[in-house]
Structures are given as C-alpha cells and as structure tokens.
Amino acid sequence: MSETPPLLSITDLHVRFPSPEGDVLAVGGLDLEIRPGEMLALVGESGCGKSLTALSILGLQPPTARVSGSIRLSGQELIGLPPKQLRDIRGKDVAMVFQEPMSSLNPAFTVGRQVDEVTRRHEQLSRRAARERSIELLDLVGVPEPARRAGEYPHQLSGGMRQRVMIAMAIACSPKLIIADEPTTALDATIQAQVLALFEKLRADFGSAVLVITHDLGVVAEIAERVVVMYAGYKVEQAPVHPLFAHPRHPYTAGLLGAVPMLGAIGETAVLTEIPGTVPVFADVPEHCPFVSRCARAQPDCHEAFPARHATGPDAEVACVHELEVVSS
Amino acid sequence: MLSRPTRLIVAVSALSLVLTSCTASVLGAARNAGYLVVALAGQTGILDPTQSSTFDSRIVFANMCEKLYDVNANLKLVPELAAALPTISADGLTYDIPIRSGIRFNDGSALDADAVRTSLMHYKTDALSARKSELKPVTSIQALNPTTVRLHLKTPFSPLTSILADRSGMVLSPGALAREGDNFGRNPVCVGPFSFQAEPNPDEIDLTRSPFYYNSKSVTLPGITFRVVVQPAVRATDLRSGDIDVIEQAAPQDLTTLSSDPGLNTKTVPSLGYTGIYINVGNVNGSTKASGTVNNVLAKYPALRQALDLSLDRVAINKVVFDGDYTPSCTPLPTTGQWAPNLTCPTRDIAKARQLVAQTGLPTPITIDLLVPNDSLNEELGTVIQAMAKDAGFDVRVDATEFTTLLSDGASGRFQAQITGWSGRLDPDQDISQFYLPLSSLNYSGNNDTQINTLIDEGRTTVDTAARRQIYRQIAQAALAQRGIIYLYDAGLTLASKKNVTGIGYFGDALIRLQRASLGGTA
Amino acid sequence: MNALAVADSGRALARRKARRRLTARPLSVIGLVGVVVVVLVALLANWISPHDPTLPNFGQVLAPPGAGGHLLGTDQLGRDVLSRLFYGSRTTLVAGVLATVLGTLVAVPIGLVAGYFRGWTDVVISRLVDVVLAFPFLIFAVGLAAILGPSLRNVVLALGVAQIPGVIRVVRGEVFAQRELEYVQAEVVNGTPTRTIMFRHILPNVLNPVVVQTSLAVPATIVGAAILSFLGLGVQPPTADWGTMLSDAENYLGQAPWLGVFPGVAIFLTTLCFNLFGDGLRDALDPTAR
Amino acid sequence: MTRLVLYRVGSALITLLLASIVVFLAVRALPGGPAEALSAESNDPAVLKAINHKYGFDQPLVPQYFRWLGQAVTGNFGTSPNSGLSVSSTLLNDLPVTLELAVLALLVAVVIGIPAGVLSARRPGGALDSVGSTGALAGLSIPHFWFGILLILGLSVELKWLPAAGFVPIVPDPLGNLEHMLMPAVVLGTGIAAVVMRQTRSSVITAMSSDYVRTARAKGLSEWDVIGHHALRNSLITVVTVIGLQLGALIGGVVTVEQVFGIPGVGKLTLDSVYDRDYPTLQGVVLLTALGYVVTNLIVDLVYSVLNPRIRVAGGAQ
C-alpha cells in the first residue's frame with residue numbers, strides 16, 4: 001500500500017468487557033495504520049470505541065477491559081508487553097493529549113511540575129534541568145510568561161492554556177506519535193482554532209505522527225490527512241480526507257457529514273442531519289451490518305451478513321454492501 | 001519531596017511533640033534525681049491540715065508536718081514536737097503540753113508555744129476547718145510560756161492526746177499561715193524532715209529534704225515524689241516495672257505476685273478502720289437532724305438485721321473477695337492491739353436466719369436495696385452478700401452507685417442499706433462516736449441508743465486505759481446486738497517496696513514514714 | 001397519583017436490587033448470619049446456658065476453661081463464664097439496638113423539621129446539635145449515671161442521646177436535597193399540607209440513608225455500652241454483661257487471663273458482624289457512597 | 001467569603017456559649033457537691049457551707065455563671081476546691097500528656113491507615129483489598145479498652161516486653177516515656193487507623209479513575225508515582241478532613257485508654273473531676289473539649305470551603 005513501513009499498525013484489535021450480564025464487544029477487529037509524520041483522524045459518535053482504541057495503544061484501557069489482536073509500534077508488539085517496558089514507551093515514544101484539560105491535569109501540583117515529570121522520567125533530567133526544559137516547552141506551545149506560569153496550579157490557568165500545558169507535556173520527549181483524544185472539544189471556538197494550529201506547527205517542527213480522535217468533523221477537515229470512521233466498534237470507512245468529505249461511501253459517514261455545521265457557509269441555514277437512534281452494543285461480531293438498525297438505506301441483505309471491507313480507491317476502503325455511489329463531477 | 005498535606009501532618013505532629021516535651025521539661029525537669037517515688041492510692045486533696053479530710057494526705061503530712069504527738073511501732077503515743085506526754089489535771093479539764101525548744105519550721109522560723117496556740121486556734125475557729133469537731137471539747141488555749149501550752153476543756157476528753165497525734169496536732173508555721181490563710185495548702189510550711197516543694201498537678205506532690213529539720217542528720221533521701229495511682233493493678237505493675245519505689249494499699253489480687261517477687265518487700269498491717277453495711281435505722285432527713293422512724297423493714301424488725309447478719313459468712317467473704325488477706329470483723333474496733341474487744345463474731349447460721357425471717361411474718365423474699373460503690377471489688381462484695389442473703393429469704397438488690405452519690409445518699413438518709421468503710425483513727429472514740437451519737441454528720445444510720453450514747457460519754461471521760469478498753473468492749477457488744485452497722489471486715493493494708501529501699505516506718509496506722517528511709521544498693 | 005405509583009414500583013425494584021447486591025457479598029452474608037446467631041443466643045439463653053449465670057459457687061472460683069464442667073471456666077465468684085456470655089448478649093443487644101432505634105426515632109422528625117423549614121428553625125436545631133456533639137459524651141454518660149444511678153435504662157438513655165445529632169445531620173442534609181426536587185415543589189404548589197409533604201412524601205425518600213446510618217450506629221453503640229459498663233456505669237450486679245465482665249476481669253488478669261479474653265471476643269465478634277452487615281447494607285442501598 | 005467566615009465563627013461562639021451554660025448547669029445537677037465530696041470523712045455541715053461560700057457555689061446561679069464565664073474568657077478557670085490548685089495550671093500540666101498520646105495515636109493511625117488504604121485501593125475487590133477492608137472493619141469493631149487489656153496480657157504479662165501501665169515524663173526519660181506510651185497510642189490509634197484507611201481507600205479509588213491519574217499513567221510514570229503522588233496527594237485533603245473530624249472519637253477514647261493504662265492525662269482528670277464534683281475543673285475540661293471540637297470543625301469547615309470549588313471542578317474529591 002505504501003512504501004514506508006507504518007509507524008503504528010493495529011491489526012484485528014478486539015476490546016471486550018466481560019460482565020455477568022454478558023460480554024460487551026467494544027472494539028471488534030479493528031485494523032489501522034499510521035505512517036511516520038502522518039496526521040490521521042479517527043472519527044465516530046461517542047461510544048463507538050475510538051477513545052478505547054486510543055487508550056488500548058498505550059495499555060491504558062480500564063482494568064476490566066480484555067484486549068486482543070496486535071498493536072505494533074515500529075514493529076514492536078505492544079499487546080502483552082510487560083508493564084515496565086510499556087511505561088518506557090508511554091510519554092516517550094507515544095504521548096497522549098486528553099479531552100478535558102482541567103480534569104486531566106492534577107489540581108494539586110503546579111503545571112511546571114507536571115511537565116517536569118515527563119523529562120525527569122524519560123530523560124533522567126535533574127529537577128533544575130527539567131524545569132528549564134519545561135519552561136522552554138511551555139514557551140514553545142505558546143504559554144505567555146512560561147516561567148511564572150510553570151509555578152501556577154491548573155485552576156489558575158484558562159482552558160486553552162491548560163490544553164497547551166497538556167500539549168507541552170506530550171511533546172516533551174519528541175514522541176514519534178501523539179494521540180490526541182478530542183483535544184478541542186472542551187474549548188471554545190477561537191481557542192480550538194489556535195490549538196489546532198499548534199498541532200499543525202508541532203507536527204511540522206517535530207515530525208511526530210498525530211492520531212486525532214474526534215467526533216467533530218470540522219476538526220478533521222482542518223488538519224487530518226486521512227480519516228478512519230468507526231461505528232459501534234468497527235471500522236466502517238477509511239479514506240484520505242478530501243475524497244471522504246467529497247464522496248462519503250458509507251451511509252454512516254454520510255450521516256456524520258450531514259451532521260457537521262459547515263464553517264463558512266455564510267447566510268445558509270445549515271440543517272444538521274441527525275442520525276436517528278443510538279449506537280448499539282454488541283456482545284459479539286454481529287451477523288449483520290452493525291449500522292443496519294439506523295441505516296436509511298438498509299436492504300434485506302444488510303441483515304444477512306457482516307459486510308466485508310473492500311477497497312474503493314487508493315488508501316480507501318469501506319464496509320458496506322450498499323455503499324453510496326460516487327457521482328463523478 | 002513531601003506533598004503539602006503530608007508536610008502539614010508532619011509539621012503538626014512535630015510541633016505537638018516539641019510543645020509536649022517543652023511543657024514537660026518546664027514542669028517536670030530532671031530536678032528530682034534520687035527522689036524516692038511513692039505511689040498513693042488516692043488523691044490527697046488540699047495539703048492543708050486544717051481542711052484536709054483524706055487518708056492519703058496523712059501519708060504526705062507524715063513526712064512534712066510533724067505533730068505534737070506520734071505513735072511508735074506498737075501504736076503507743078510518743079511525744080514528737082511535744083517534749084513529753086501532757087500533764088493532765090485530776091479533773092481531766094486541763095492539759096499542759098511541754099513543747100520542745102530549738103525546733104524550726106521549714107521556713108526557718110522558730111517553733112514555740114505561741115505557734116502551737118496559733119495553729120490550734122486556727123483549727124478550732126477557721127470556717128473551713130475539718131478539725132473543729134475533734135477539738136470541740138477544748139474551750140481555750142494558752143501559751144503559758146514559750147515551752148508550755150495549756151488546753152482548757154469543757155468536759156474531760158480522753159481521746160485528746162490521740163487527736164493531737166493526728167492532723168489536729170500538726171503545728172503550722174504562723175508566718176506562712178498569716179500570709180496564705182485559706183490557701184495555706186498551696187505551699188504548706190510545718191516542721192518536718194521534708195518540706196513541700198511543688199504540686200504540679202493533683203496527682204503529684206514533691207517534697208525536698210528540709211535544711212531546717214532538727215534531726216536532718218538522720219534524713220538521707222534528697223526528696224520524695226508522691227504520685228497518685230488509683231488503680232491497684234497499675235500500682236503493682238509500676239512497682240514491678242521499676243518506675244515506682246514504694247506503693248501502698250496493694251490489692252489482695254496482686255499480693256501473691258508481689259510477695260513472691262524477689263526484688264520486693266511487702267508488709268501488711270490490719271487497718272484501724274473497717275468496712276460494714278450501714279443500715280438506715282433512723283436517718284429520716286439527714287444525719288445531722290434528729291433521728292426518727294424510717295420506712296425500712298430492716299429498721300422496723302431488728303430480727304431481720306440479725307437474720308441478715310447470720311446469713312453472711314465473713315470468713316468466706318474474705319476468702320472469695322479478698323483472697324483471704326483481710327480480717328473478718330464484727331465491731332468498729334481493730335481486731336488486734338490494745339483496743340481489740342476480742343468478741344466472737346456470729347457465724348453463718350442459715351436455719352436460725354430463716355427462722356428469724358419467718359417470725360416476722362413478712363412474705364419472702366424480703367427485698368433490700370443495698371448501695372455499693374461502683375468499683376469491681378465492691379460490686380463483687382455486694383454480689384456475694386446477695387448470694388448469701390438469698391438463702392435466708394432476702395432479695396438483696398445490689399445498687400452500684402457512684403461514690404459521691406453514695407455518700408450524699410448516706411448523709412441525707414436516702415438509702416436502705418449501704419456498704420461504706422472508715423479508715424480508722426488511733427483512739428477508739430474516733431471510730432465510734434461520730435457514727436453513733438445523734439446529730440453526728442457521719443451517723444448515716446441514724447443510730448440513737450441511750451446505752452451506747454452513755455458509754456461513749458463514759459469512754460471520753462475515763463482516763464484509765466484498762467477501764468476504757470472495757471467500756472469500748474461493751475459498746476462493741478451493744479453495737480453488735482443492735483446492728484445499725486453490720487461490720488464485715490478490717491482491710492489489710494499492704495505496703496510493697498523495692499528491696500533497696502530501707503528504713504521505711506510502716507506501723508499500724510498505715511502511714512508511710514520516710515524520715516529514715518534510704519535508697520541504697522542496686523534496684 | 002400515577003407518578004407516585006411509578007415511584008413505588010421504582011422503589012420496589014430498587015429494594016429487589018439492593019437485596020441482590022447485599023446477598024452477593026459473602027462478607028455481608030457472614031455478618032448477617034453472625035447477627036442472627038447473636039439474636040438467637042439472646043433469645044434462647046434460658047435454654048442453652050449450661051448453668052445459672054448468676055449463681056456463685058464459692059468452692060470453685062477462677063476455674064480454668066474446661067474444668068469441672070465449665071467449658072469457658074468460672075469467674076471470681078465461681079459463676080459459669082459461658083452462661084454469663086450467653087445471657088450477656090441480651091444486655092448487649094438491648095443496649096445497642098434499643099438505644100440506636102430510640103435515638104433515631106427522636107432524631108428523624110427533628111432532622112425533617114430542620115431540613116424542611118430551614119431558616120431560624122434550622123439554625124437553632126443545628127446549634128443544639130453542635131452543643132451535643134461538642135459536649136464530651138462520656139462525661140454526659142458518667143454524669144447521668146451519677147444522677148440516676150447506673151442501670152441498663154440509663155445506658156440506653158445516654159447512648160440514645162448520643163445517637164441523635166448524627167441522625168439529625170443525615171436527615172437534614174437529605175431533606176435539603178429532596179426539598180428542591182420537583183415532586184416536592186409540585187406538592188407545595190398543589191397546597192398539600194406541610195405535614196403530609198414531610199412525612200408522606202419526603203420521609204420515605206430519606207429512609208435509606210437513615211437505615212444505613214442506623215445499621216452502622218448499632219455496632220458503635222454496642223461498643224459504647226461496653227465502655228460504660230467497663231467504667232462501672234452499666235447494669236447492676238449480678239446481671240451478666242460483657243463490659244462488666246471485662247471490668248471485673250481486670251483485677252484477675254494475672255491469675256485468670258481467660259476472664260479478660262472471652263467477653264472481649266464476644267463484643268468484638270458481635271460488633272464485627274453488625275459492621276459487616278451494615279457495610280453491606282450501605283453498599284446495597286446506597287452504592288454511590290463508598 | 002468574609003461573610004461565610006463571620007457566620008461560621010459566630011456559630012462557633014454560640015455553640016461554645018451554649019456548651020458553657022449546659023456544663024455549668026449539668027455539673028450542678030450531680031448529686032452531692034464539691035464540698036460533700038471533699039469532706040467525705042468529716043462531713044460537717046458548717047464546713048460544707050464554708051467551702052461552698054469560699055468558692056462562691058452558694059451564690060445565685062446567674063451571677064455565679066457570669067462571674068465564671070468572665071474569668072474563663074481570660075483563661076482563668078478558677079481554683080479546684082478539691083486540690084486547691086488553679087484549674088488552668090492543672091490543665092496545662094495534664095494537657096501535654098494527653099496531647100502526646102493523641103499525636104502518637106494519630107501518627108499510628110496515619111502510618112497504618114494511609115498505606116493500608118492505598119494498597120487496598122490499588123485493586124478494589126482484590127485479595128489485598130479484602131484483607132485490608134476486613135481488617136479496617138475489625139479495627140472499627142474492636143473495643144479499645146479490651147484491645148488494651150489484650151495487649152497488656154500479651155506484651156506485658158506474658159512476654160514482659162513493655163510496661164503494663166503507668167506514665168513516665170518525657171524529659172528525664174524519653175525512651176521510658178515512649179515505652180509507656182506505645183501500647184496506649186496503638187490502642188487509641190487503631191480505631192482511627194480504620195477510619196483513615198477506609199477514607200484513604202475510597203478517595204484513592206475515586207482518584208484512580210480520574211483523568212489526571214490517566215494522564216500520569218500516559219506519561220509513563222511508575223505505579224508508585226501514579227498512586228503515591230498523583231492519586232494520594234489529592235485524596236489526602238479528604239483524609240486530613242476525616243482525621244480532623246476524628247477529634248471527638250479521640251477525646252472519648254482518651255478517657256478509657258488513660259483509664260486502662262493508668263495515664264495521668266486530661267481524660268483521667270475529667271473522670272476524677274466528675275467523681276469529686278470538682279465544678280471548676282470539670283467546667284474547665286468540658287469547655288476546653290468543646291473549644292477543641294468547635295475550633296477543629298471551624299478549621300475543617302473553612303479549609304474545606306476554600307478548597308472545595310477548585311477540588312470539585314477538578315473532580316478530585318466527592
């Protein structure tokens with residue numbers, strides 16, 4: 001498919017929650033590849049398993065979750081890796097930025113100290129050296145007066161500043177991959193744009209690949225190169241960003257797109273297409289299309305088998321029997 | 001690096017510990033090196049001989065407040081600050097007491113007849129004085145010359161010399177008395193081998209060797225620390241673990257362990273006092289009010305009191321509750337010594353007791369409410385009495401009562417029967433008169449028997465000891481027949497001390513005289 | 001009416017769920033079994049005790065366990081320790097359960113009033129609660145015993161009073177929250193009498209936390225009763241009581257250590273079982289509070 | 001904020017005032033008075049009257065109360081008719097002993113409770129948690145006076161390792177002091193340790209599922225750093241609160257523990273002053289206790305309301 005070997009390759013990832021009332025299969029056989037330096041977006045409604053996928057990469061899934069399949073980082077298998085080695089990778093090779101910058105920062109420590117921890121842990125910097133580095137990092141991510149800010153507690157910072165601190169923590173060790181889980185959801189629109197711009201800049205400066213997890217297609221349109229759409233734990237479509245937005249193949253993707261408020265469509269009443277129903281929960285791989293219950297285009301055969309994925313173009317594939325046709329322009 | 005709350009906890013703990021040690025260092029600094037540590041069984045109360053009314057204060061006073069008279073090892077009266085026993089006029093109404101010269105109080109001032117007079121007058125007249133009743137027969141006090149004091153009495157009063165061998169005979173420094181007045185107890189100054197040093201709290205009293213004592217050459221201890229340790233078991237373990245050198249009133253339960261410990265000495269003396277069942281026979285509305293008819297079957301039917309007595313097995317009580325270490329007794333008098341009446345106590349006779357109960361014609365069981373102090377030993381005693389009396393047809397309800405409430409109920413007459421003890425005095429009159437004479441504050445029972453009242457008067461006015469012994473024997477017999485108080489036992493008072501403590505004077509009055517004590521050798 | 005019916009069936013469902021959660025925990029079940037055993041022992045003490053618990057035998061005092069037909073030995077008066085333990089469960093349960101229940105019964109209406117009316121009523125009640133809490137409980141109990149004489153009744157009285165502030169606080173807090181809810185506001189608007197709102201509508205909804213508080217207060221009260229007995233403020237001799245047995249044993253620890261062990265074990269196990277059960281009950285009724 | 005502080009301080013003062021009235025009246029409701037208790041072996045009505053007069057107990061209650069209150073606010077709690085000593089100096093003398101006991105007990109509670117709580121919280125429902133949680137319940141269930149008796153039986157009577165009872169001042173003999181205080185502190189600390197353990201456990205469990213702990217994990221921090229620093233740090237605020245609120249239990253426990261181990265502290269002083277009807281001492285002790293309770297609550301209240309908004313937003317505590 002591509003000439004360079006992938007940075008991260010996920011194959012057949014299953015995440016299962018055993019429970020006395022029956023198992024829940026939260027992620028069912030996900031395949032995913034991220035190339036070095038690439039910006040990939042993983043999209044879907046909440047509850048579709050995208051955050052769980054991200055957490056599984058670093059082994060941070062909830063303790064009750066059972067993960068199987070394969071997650072390879074530069075060829076190294078991460079599933080089943082001893083905790084000690086996994087911890088060496090966390091924050092160093094793969095870093096994460098979380099959704100809620102307030103609750104994701106420890107309210108009891110200064111932000112400086114929380115950034116220090118990363119370099120002290122992975123680069124064995126002294127306390128002083130780590131703090132100097134942290135101030136540089138805060139400066140880099142656009143925190144004004146970084147030296148003073150480093151001594152402040154999270155509740156003294158604004159939401160945008162906090163997210164910048166999170167990002168500073170993430171880039172501290174120049175990781176190969178940054179996983180950003182809904183990085184802008186909790187921020188208001190202008191700050192969102194600034195943070196996204198920061199991601200772009202950092203990717204350019206550090207060459208890190210970024211996996212953005214979001215339900216906000218506006219974010220996707222802005223920064224992603226490729227998009228993977230997940231539904232109910234399954235990958236339903238994957239495509240480069242422009243073809244996807246122009247010609248969604250899967251009815252679910254189309255539905256999501258319909259639900260995007262179009263930026264810049266001045267004067268036009270943007271009607272949000274709500275997809276009726278909620279994301280279903282499956283105990284095992286269903287013997288039908290997972291989207292069938294909510295699909296406006298469902299046909300009888302959609303109920304008969306789990307739809308196979310098939311390529312629809314370069315770097316693009318879809319899992320739908322009655323995919324939308326491309327209307328050539 | 002500690003987190004802030006952790007730092008807070010550490011800081012607060014450290015601060016408190018520092019505070020603790022600082023305060024302790026201010027108050028309890030290592031100034032008492034070489035002091036003999038004596039554990040007392042109860043608090044001493046105010047250390048003023050005028051106001052004091054506790055037994056344990058007398059132990060402290062024995063080492064810092066000498067009296068006109070004292071007793072020797074055989075409980076015979078001997079002069080202490082007086083030069084000789086008093087010269088008593090033929091009519092018994094004038095006592096001439098020669099006072100020793102060259103004696104100084106612990107503040108350096110000199111003791112003379114005037115000082116003795118001042119003290120005695122203070123005891124007689126001070127509003128807070130607990131000595132008043134003891135000195136009541138004394139009408140006036142004269143200092144004839146610097147070395148002679150003359151007491152004038154209203155009526156002859158034989159116990160007087162004995163009374164002057166107790167708190168009433170302690171001579172207070174007139175200077176200190178004038179200065180401190182009612183607060184004399186905060187810094188008492190008398191004549192004694194040791195002088196008052198400090199009382200940092202009600203549970204600790206420190207005495208230091210007095211430089212002014214007339215016989216200071218014989219005093220070897222640098223000082224004494226008295227520490228109040230109320231629980232007997234704690235006293236015993238403290239003695240054995242080495243924190244304390246001497247303990248008094250070791251409990252019977254600890255006696256085996258203590259006497260078998262090779263590092264310890266023990267000595268037991270029978271108490272001059274007694275413990276008995278006080279029965280409300282006439283206390284209608286207070287012991288100091290006239291006695292009358294009370295609503296109490298035990299008052300109405302003397303036979304029931306006899307039946308109750310006959311149901312009790314004093315020997316068994318002593319064996320079960322006190323490990324056989326006390327002495328069964330049925331009179332207010334000591335069982336040994338010159339005043340022992342040598343009466344045969346009634347033995348358990350259930351058949352007779354039942355018969356007496358039946359003769360009253362009352363329906364059985366006869367309910368009796370017995371107040372006992374609410375500590376385990378007294379509750380045990382109550383339970384044993386209950387079990388024994390049951391066989392004779394009594395239903396004894398043991399009512400464990402907080403001690404002050406018990407005393408208050410006793411004084412006011414709000415009781416049917418109660419267990420109370422008396423620590424005892426040197427003269428038999430002091431063990432009897434307050435409990436039998438009408439209007440006496442300690443006459444909880446409301447006793448008022450013409451024969452006993454007459455005999456008490458006779459005892460007071462009789463000088464000859466042999467004649468008095470007969471009189472008190474008669475009183476004891478009469479009391480035993482009437483049973484306003486059913487006497488049960490005389491406690492054994494055990495002193496236990498480390499082997500290296502020598503020279504303790506521990507006589508029949510159970511005071512601890514440390515004037516010649518020393519801490520020698522290794523513990 | 002309809003809403004109430006829904007709420008009722010909701011409550012029934014919650015009760016079923018709670019029961020399942022409770023029985024799913026082995027420790028809670030052990031606690032429950034233990035509590036049942038203690039209650040049975042108390043009820044059957046007459047029949048299962050090998051000897052008369054108050055009958056002294058001066059010929060056989062301080063017999064070690066097993067001697068002379070006394071499984072757990074005899075005490076300082078020769079009474080059978082096992083029988084005294086059996087009978088002692090009665091005073092323990094009476095003190096623990098009765099005091100808690102009485103305290104709760106007094107406290108719930110006060111808490112309701114404080115939480116419902118707020119304002120000055122609440123301020124006055126809160127200050128009084130504070131005073132009770134600030135007053136050292138043991139001093140109160142000792143004083144009560146001095147005034148009224150030591151007895152089981154006064155132990156129950158003292159412990160019951162000690163119970164009140166905690167329950168008032170819980171009820172008050174819950175009522176505060178409930179009062180804001182729509183169903184209460186709706187009743188107020190409808191003109192339903194205040195008393196009806198308080199007792200018919202709010203009370204059932206604050207019962208769970210009260211039950212939890214009460215169930216956890218029982219073991220604390222049992223220990224409290226033991227402490228009072230230990231200090232000589234409990235039942236009158238010769239009644240068998242675990243705390244009194246311990247206080248009597250203190251004099252004989254050197255000669256007869258078992259006297260100090262068995263009653264303590266009894267108090268400990270009983271309290272532990274009540275605690276295990278209460279903990280389970282709390283988790284079952286109020287899964288969020290942990 | 002100022003309003004809140006003023007309101008709280010005002011409430012605290014009212015509570016204290018009410019407590020002072022209650023104790024003043026309550027001690028006088030006890031049968032017998034200081035004079036009766038004092039002159040147990042003489043009991044002369046004239047002397048009783050004189051004693052009552054000297055200490056002003058014969059005055060009408062209202063002026064008597066106000067005179068006492070007026071002196072009490074200046075730190076003068078009067079003179080004990082029982083010992084003749086100033087109540088304040090007796091309190092100052094006994095307080096350090098009790099304070100040391102309390103501090104050591106809290107230390108024991110913290111040293112046992114916090115690590116046990118953290119270990120249990122690492123895997124809720126796991127073997128360690130079952131042991132820890134049941135142990136905590138056992139700690140809550142054990143009557144401390146009996147625990148004291150057991151320790152005395154085991155460590156003193158049988159093994160002879162530690163002195164059974166008594167007290168040695170810290171200054172001439174700090175080691176001896178610690179020897180005597182060890183068992184009482186453990187006994188008093190056990191119940192509190194159980195409470196601390198349960199609070200630590202539940203707070204750490206809450207914190208462990210928080211976002212910032214996930215962040216800490218994502219940084220590659222060791223489990224110890226994650227739990228010991230990030231999770232525990234936030235939990236400690238509630239734990240400290242709970243410790244503060246244990247003061248009541250501590251005061252109650254001190255009385256019995258001092259009784260069992262024969263320690264001459266405030267607890268013993270309190271019981272003695274009830275038995276002796278020592279009005280001034282009893283009033284002083286109770287007022288001091290109430291003050292301790294009120295001040296602790298005030299501090300906890302104020303600290304909590306200062307910390308709370310931030311904590312609630314952060315989701316670090318319930």
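Residues are numbered from 1 along each chain as its sequence is written, while chains are lettered from A and ligands numbered from 1 in the order in which they are written. Because the model is predicted, local features need pLDDT of at least 70 and side-chain atom pairs count only at pLDDT 80 or more, whereas totals for chains, interfaces and linings use all residues.

Two residues are in contact if their C-beta atoms, placed from the backbone, lie within 7 Å. Chain A, by contrast, has no contact with chain B, and their closest C-alpha atoms are 9 Å apart. Chain A has no contact with chain C either; here the closest C-alpha atoms are 12 Å apart.

Between chains D and C, 38 residues of chain D are in contact with 35 residues of chain C. Several helices of chain D each supply at least two residues of the side that touches chain C, among them α6 (127–141) and α13 (279–314); helices (H or I, at least four residues) and strands (E, at least two) are DSSP runs, numbered from the N terminus. The largest share of this side of chain D, eight residues, comes from α1(D).

In chain B, helix α14 (residues 428–436) is mostly covered, with eight of its nine residues buried, that is, with 20 or more other C-beta atoms within 10 Å of their own, C-beta atoms being placed from the backbone. The buried residues include B:Ile432 and B:Phe435. Among the elements that cover them are strand β17 (417–422) and helix α16 (465–482) of chain B.

Conventions: A residue is buried if 20 or more other C-beta atoms lie within 10 Å of its own, exposed if 12 or fewer, and partly exposed in between; C-beta atoms are placed from the backbone.
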